[in-house]
Each structure stands twice: as C-alpha cells, then as structure tokens.
Amino acid sequence: MPETIVETADLTKVYKRGKVDVPALRGVDIKIRKGEIICIAGPSGSGKTTLLNLIGGIDTPTTGKVFVNEVDLTTLGETELADFRLKNVGFVFQFYNLIPTLTALENVEIPLVLAKVPKKDRISRASELLELVGLKHRMLHKPDELSGGEQQRVAIARALANNPSLVLADEPTGDLDSETATALMDLVEDLNKVRNQNFIISTHDPLVMQRGTRVYTIKDGKIEK
Amino acid sequence: MSSWTIGFRSLKRRRLRTGLTVSGIVVGVALMAVLLALLQGMNVQFTEMLRGIGGADITVYNATTPTREREFMIQPYDTTNQSYADIIKNNISEVYAVSPTLAVNGVVNGTQCTITGIEPDTYDAVTGGLNIMSGTSLPEGEEHAVVLGKVLSDSLGASIGDAVSVGTTTTETQSFIVVGIFETGMSFFDRSCYIHLDVAQNLTEKHGLISTILVKCTNPDVVDYVANTIQILIEGVRVVTQKILVQQVSQITNTLGVFIGAIGIVALIAGSFGVMNTMAMSVFERTREIGVLKAIGARNSTILKMFLAEASLIGILSGVIGCIIGVIAAFAFPIFSRVATRGSAGIPLLVTPVVTPTILGIALALGLTVSILAGLYPAWRAARMKTVEALRHA
C-alpha cells in the first residue's frame with residue numbers, strides 16, 4: 001500500500017521585491033507516495049526551487065498547506081522546522097555546498113553532529129554512507145580535492161545521514177557533465193530501489209527526467225500535468 | 001567535530017586575517033598584563049617603602065616642600081631646624097623617640113646618590129634600624145664610616161673595609177670607610193647610603209639643619225594626638241602620619257589603576273573592532289555555508305554557537321599570546337629602564353613589575369570577553385539569516 005509522504009494543498013508563494021509582489025507559486029497541489037523518484041521539471045524561474053524549499057521546510061508558503069509525513073509544516077515554528085528538517089529531509093544542491101574546511105567524512109558527519117549522535121556511531125555511519133556512494137577511498141579528502149561528481153556524491157551521503165524519509169535535490173546534475181550525471185542518477189536509482197528512498201528532484205535535464213517515477217512540469221508557478 | 005572544529009578550521013584557513021585580528025587583541029592583552037604588573041610592582045614597592053621608613057609613626061619636614069612625591073622621599077626635602085627634634089621630644093610625653101635625618105643629593109665614587117645623615121641610636125629607636133646584610137651599622141664615634149645600600153655597593157663594586165669618596169659634588173669629597181651594607185629590597189633606598197648626621201651636616205655645611213624628623217609614639221592610639229600637637233607646637237612644618245601616608249599611597253595606586261585600566265580597555269576596544277570586522281567578513285563569506293547548515297537542520301542557536309566559538313578561539317589565542325608577550329615585556333622592563341637610567345642614581349623610578357596569576361587571569365579574561373562581545377553581533381546576524389536567502393548567496 002503506497003502511503004502519501006508529501007502533499008501540498010493550494011500552495012502559493014509570493015516574494016516581495018521592493019514594493020512589487022512577484023508570485024512564484026500560484027496554487028500547487030501535488031501528492032507524492034512513498035518510494036517514488038519525483039522530478040519537477042520546468043524552465044528557470046518557473047518555481048521549481050520554491051516548491052522544493054516549501055516541501056523541505058526552509059521557506060514558508062504565503063497561503064496553502066504542506067504536509068510531510070502527515071505533519072503540517074505551516075504550523076511549525078523556526079526551531080521546530082529546523083528539527084523537522086534534520087530528521088526528515090536531506091538536501092542536495094546544484095553546487096554541492098560542502099563545507100570547504102571539512103573533509104568528506106566530516107561533511108557527512110555534520111547532520112549526525114546536529115542530531116547529537118555519539119562520535120563513534122557518527123564516524124561508522126558516515127563512512128558506511130561514503131562507501132554506499134562509492135567514495136570510501138576519498139573519505140579524508142577536502143571538497144577542493146574532489147571532482148564535481150565526487151562532491152555531489154558526498155552531498156548525497158550527507159543528505160542520507162539521518163535516514164530522512166525524503167531527499168530533495170535542486171538541479172543536482174546542473175553542474176555535471178552527462179557521463180557524471182548519468183552515474184549520479186544510477187546512484188539515485190540504486191538508493192531508491194535498495195532503500196526505498198524517496199527523491200524529489202528539480203531539473204530541466206532530460207537525462208534526469210527519464211529516471212523519474214513521475215515528472216511534474218511546472219510553468220509560471222503552476223503544475224502543467 | 002563540533003562548533004569548535006568548524007571555527008578552528010575556518011580560522012586556520014584564513015591564517016593572515018586570523019593573525020592580524022589576533023594581533024589586535026594581543027596588543028591590548030599584553031598591554032593590560034604589563035600595566036597591571038607595573039601597578040602590582042608599584043604596590044609592592046610602596047609597601048616596602050613604608051616598611052623602609054620603618055616604625056616611624058610620624059614624619060615631620062619643612063612645610064615648604066609641597067609636592068607629593070617628596071612625601072615619598074623621592075627627593076631630599078628642604079631643610080628645617082634640628083632643634084625641632086628636641087622640642088618634640090621634650091614637650092610631648094607620648095613621644096617615645098625622635099630621630100632627625102638629613103637627606104642630600106651627593107656623589108659616592110662618582111656615582112650620584114642620596115646621602116642620608118642619621119643618628120644611629122635614635123634612628124634605631126624609631127625605625128628599628130637598617131636591615132644590615134653584612135658588616136655593621138654606623139659605629140659611634142667613627143666619623144668617616146658609611147653604610148651603603150646593596151644596589152649602590154654592587155654598582156660601585158665596593159665591599160666592607162673599602163675606602164670610598166663621599167661628597168656633595170664630585171670635586172669636594174672626603175674619604176669614608178664602608179662599614180656595612182644594607183638591603184631594604186626597595187631600589188630607592190638600596191641606591192642610597194647612610195652616614196652620621198653631624199658628618200653629613202659638616203659635609204654639606206648645613207649646620208643645625210635636617211630634612212626630616214622621624215617620630216615614634218608610645219602607642220599607636222596617640223599618633224593623631226601627637227601629630228596635631230607637633231603641628232601646633234612648631235610652625236612651618238608639615239606633619240604626616242603613616243596612616244595618611246598609607247592612604248595617599250593607596251590613593252595614588254588606585255588612581256593609577258583606573259588610568260592604567262582605561263589605557264588597557266581602550267587598546268582592547270580598538271582590537272575588538274578588528275574581531276568584529278573579521279567575524280563580519282567570516283559570516284559574509286560563509287553565508288551560503290550558513291544556509292546549507294540551516295537547511296540540513298542546524299538551529300539558529302547552533303549557528304550562533306558556531307560563530308561565538310570562532311570568536312572565542314580568537315579570544316583564547318589572543319589571550320594566551322598576549323599574556324606570554326606581556327610576561328616577557330614585564331621581565332624585560334626593568335632591564336630596559338635600568339639601562340635608561342644608568343648613572344643617574346637620583347631617579348628611583350625603577351619599578352619592578354610583579355606578575356601574579358590574578359593579573360594573567362584578568363588579562364586573559366578581558367581578551368576573551370572582548371572577543372566574544374565583538375563576535376556577538378556578527379554571530380547573531382548569522383543566526384538570524386533566512387535559510388533561503390543565505391542559500392541563494394553567491
């Protein structure tokens with residue numbers, strides 16, 4: 001029985017640029033079931049990132065509701081949202097966004113540190129995850145010693161650290177060549193199959209879209225199909 | 001891995017900037033440590049100076065010597081009549097002993113120093129006597145005997161039995177035999193020498209004149225009464241009790257303390273702007289990092305802690321380096337000032353800084369506090385950043 005992991009209801013988001021209101025989302029209703037890889041496609045400025053941010057609880061909607069694991073995110077305060085993200089959501093960004101002063105292992109440890117996991121468990125869990133993404137041998141390297149593809153794998157390992165029900169990836173292949181992007185998507189598919197890991201990926205890369213269980217196309221802040 | 005690790009790595013990554021920032025606080029901390037050590041040294045010295053004038057409850061000297069430093073015998077006083085000593089002794093029954101002394105600027109073997117003429121018996125009765133290290137005090141009847149301070153005898157290379165030339169100028173000197181060497185632990189006294197009062201008067205042609213009368217009372221409770229009586233009895237003298245002296249000394253050191261504290265604080269505030277700037281830069285540069293950390297679940301308080309840890313590290317590093325430099329400077333200070341004042345024995349301002357754990361603690365704590373305070377606003381701004389906006393930051 002596929003259960004719903006994400007549900008949005010008439011979600012809108014309006015940004016204020018000075019005195020001008022810029023609508024980014026105009027009533028989005030989506031429903032995502034457990035075990036899916038969802039692609040959100042659309043041109044830049046269409047509202048992909050905004051939608052991901054709202055689902056991930058790093059931004060709050062102007063109107064509407066977001067439910068993740070049946071929790072209404074709009075009812076949570078700032079600190080509650082932080083704790084929610086820590087336990088339920090992993091983030092992967094286009095430019096990897098690893099902490100440059102920390103090694104691959106330490107980067108993966110960060111969410112575990114935030115979750116107050118004891119040091120010993122932390123290190124074994126982080127190295128397991130790096131092994132899972134095929135980077136065990138690069139564990140003690142700093143981000144600037146890793147290729148783009150490797151950095152993105154570290155980012156995925158970091159996103160998985162606290163066993164989140166949901167991994168949100170914002171244009172994860174946007175900065176990678178097609179070969180590396182394919183390898184990365186292979187990893188995403190593997191993780192989905194083996195661990196039943198949910199992914200929501202914003203992209204305009206056809207290579208990514210073909211791997212999705214479903215693709216939502218978003219245009220001018222509305223879902224097209 | 002913790003906030004400390006992240007802060008430490010961040011500081012390590014920007015070594016030059018960290019170094020410069022730390023230097024700013026180091027200057028303040030080191031300055032504070034040296035100044036406090038000097039103040040402490042002064043306190044110790046003043047205390048010893050009071051002990052140096054020994055058991056004298058009251059000092060009497062010419063009222064025309066107005067400046068405060070003369071109250072500390074830094075310069076020989078104007079003279080007054082020796083007969084006053086007898087007036088005091090004979091008219092006030094509460095007086096236990098009276099000792100007139102004459103301090104003049106003189107020359108011993110070409111070295112300038114203060115020469116003090118004393119009556120050994122009354123001087124001993126009032127003050128308990130000089131702290132003789134070797135030899136004896138001034139023997140009765142031996143006119144050309146001199147007792148040298150430890151520092152003076154060391155610098156002259158003179159020992160017991162040696163003949164030294166003593167005079168008010170380098171040209172008019174007489175030969176004296178060194179009979180004893182004393183030490184008070186206080187440089188001004190240890191750079192001076194003592195001869196018989198009448199000999200000093202002859203040498204300086206100040207017959208019947210003295211600079212100070214030291215008075216010892218029969219018991220401590222009558223000191224104020226005796227002082228008042230002396231003031232009424234004799235015109236034109238200033239009467240200072242040891243109690244007043246102590247008050248004045250602590251007043252001076254307190255004033256100095258405030259002054260010194262102000263200088264140190266100003267230096268630290270100047271340094272704090274460096275810390276604030278560095279922390280603001282660090283927050284700005286790491287805006288996206290802050291966004292990422294918040295996105296993956298860091299609370300605002302975690303971000304605040306992270307940047308405060310960074311500021312604290314700057315503070316700890318600065319505090320430790322500042323204290324080390326401060327201690328080195330404090331120990332180097334007497335060497336420099338000794339070089340600077342060599343040969344001019346009349347200047348007794350050789351304060352030896354005294355470094356105590358308290359001083360280091362204060363300096364360290366100030367460095368740390370200033371750094372944390374300076375880091376507070378940038379850290380607060382980092383914590384308050386909107387996650388989405390921080391992530392969008394280039």
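A residue is called buried if 20 or more other C-beta atoms lie within 10 Å of its own, exposed if 12 or fewer do, and partly exposed in between, with C-beta atoms placed from the backbone. The model is predicted: local features need pLDDT of at least 70, side-chain atom pairs count only at pLDDT 80 or more, and totals for chains, interfaces and linings use all residues. Residues are numbered from 1 along each chain as its sequence is written, and chains are lettered from A and ligands numbered from 1 in the order in which they are written.

**View 1. Two asparagines with positive phi.** B:Asn109 is not a glycine, yet its phi is positive, near 45°. B:Asn109 sits in the loop between β3 and β4 of chain B; strands (E, at least two residues) and helices (H or I, at least four) are DSSP runs numbered from the N terminus. B:Asn109 has 18 C-beta neighbours inside 10 Å and so counts as partly exposed. In chain A, A:Asn69 has a positive phi of about 50° and lies in the loop between β5 (63–68) and β6 (71–72). A:Asn69 is partly exposed, with 17 other C-beta atoms within 10 Å.

**View 2. Helix α4 of chain B.** The helix spans residues 120–127, and its buried residues are B:Pro120, B:Thr122, B:Tyr123, B:Val126 and B:Thr127. Seen down the axis of α4(B), these residues fall within an arc of 165°, so they line one face of the helix; the arc is that of the directions from the helix axis to the C-beta atoms. They pack against β3 (95–108), β4 (111–118) and β11 (212–217) of chain B. B:Gly128, with a positive phi near 90°, follows α4(B).

**View 3. Nonpolar cores.** A nonpolar core is a set of buried Ala, Val, Leu, Ile, Met, Phe, Trp, Tyr and Cys residues joined through C-beta atoms within 7 Å. The largest has 120 residues, of which A:Ile200, B:Ala33, B:Phe307 and B:Ala363 touch the most other members. Its largest share, 16 residues, comes from helix α2 (residues 15–52) of chain B. Another core, of 50 residues, lies apart from it and includes B:Val126 and B:Ile213.

**View 4. Contact between chains A and B.** Two residues are in contact if their C-beta atoms, placed from the backbone, lie within 7 Å. Here 20 residues of chain A are in contact with 19 residues of chain B. On the side of chain A that touches chain B, α2 (78–88) and α3 (104–114) of chain A each supply at least two residues.
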